[in-house]
Amino acid sequence: MAIHKVGYLIGSLAQASINRKLAKALVQLAPPELEMTEIGFKDLPLYSYDYDANFPPAAQAFKKAIASVQAVLFVTPEYNRSIPGGLKNAIDWASRPHGKNSFARKPSAVIGTSPGAIATAVAQQSLRSVLSFCNSPQMNAPEAYIQFTPGLITDDGEVTVESTEDFLRNYMAEFHMFIARVLQVLPPDA
């Protein structure tokens, strides 16, 4: 089976983020056919169309990183019932300038964790709206709103609850099948 390059973006810029722990777990639980690479964005300046004619080096590198993968996984917390500003800024950079949207036709999935009972449900819906505008085919099921409890995922990405580990492993298997289906219908070079 073909290997698919997947870039993942962690919505929180905090090094101790529980979403970073979740991302580590997802990388470990991903099927071997998914080659996972973190795409960082903390060095991006705030987007302005004034940069469209001459992107700064950090933005050029970010767009190149997005272009180098076949699919994107967003692992995000919820800030004020939406996505973190840094993540939205990164999406703005990658989708600009007009006509050079790095997310167009690129399969994506959204997942997140938070201590709250509804986890990141509202942020995920907000992000899905943005990704729809960016013409990114999205895995709509299974949905994954992970309520984080102390010790659920270790700093090394080990999931300590078997049912959660099984769910996350299945989520990544479903993402793999979704990527394969989308790329069959919308090949990157078409």
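Analyst: What follows walks through the sheet, its helices and then the pocket. The model is predicted.

Start with the strand order. Five strands form an open sheet, arranged β2-β1-β3-β4-β5. Their pairing is parallel. The edges belong to β2 (34-38) and β5 (145-147). Each of these has a single partner strand, so one side of each lacks a neighbour in the sheet. From one strand to the next, the twist averages 25 degrees.

Strand β4 covers residues 108-114 and runs parallel to β5, with three bridges joining them. At residue level, T113 has I146 of β5 as its bridge partner.

Two helices lie across these strands. Helix α4 (residues 121-133) lies across β3 (71-75), β4 and β5. Helix α5 (residues 162-185) lies across β1 (4-10), β2, β3, β4 and β5. Relative to β4, helix α4 runs at about 160 degrees. For α5 the angle to β4 is also given as about 160 degrees.

The largest pocket holds about 170 Å³ of space. It is lined by 11 residues, and A104, R105, K106, P187 and P188 are the closest to its centre. By class, the lining has eight nonpolar, one polar and two charged residues.

Terms used: Residues are numbered from 1 along each chain as its sequence is written. This is a predicted model: local features need pLDDT of at least 70, side-chain atom pairs count only at pLDDT 80 or more; totals for chains, interfaces and linings use all residues. Side-chain values use heavy atoms; hydrogens and water are left out. On a 1 Å grid over the protein atoms alone, a cavity is a set of points where a 1.4 Å probe fits but cannot get out, and a pocket is an open set with protein on both sides within 12 Å along at least five of seven lines; lining residues have an atom within 4 Å of a point. Grid points are joined across faces, edges and corners, and a volume is the space filled by probe spheres set on the points. Ala, Val, Leu, Ile, Met, Phe, Trp, Tyr, Cys and Pro count as nonpolar, Asp, Glu, Lys and Arg as charged, and the others, Gly among them, as polar. Two strands pair if DSSP finds at least two bridges between them. Helices (H or I, at least four residues) and strands (E, at least two) are DSSP runs, numbered from the N terminus. Axes are lines fitted to C-alpha atoms, for helices over the stretch in contact, and angles run from 0 to 180 degrees between N-to-C directions. Contact means heavy atoms within 4.5 Å.
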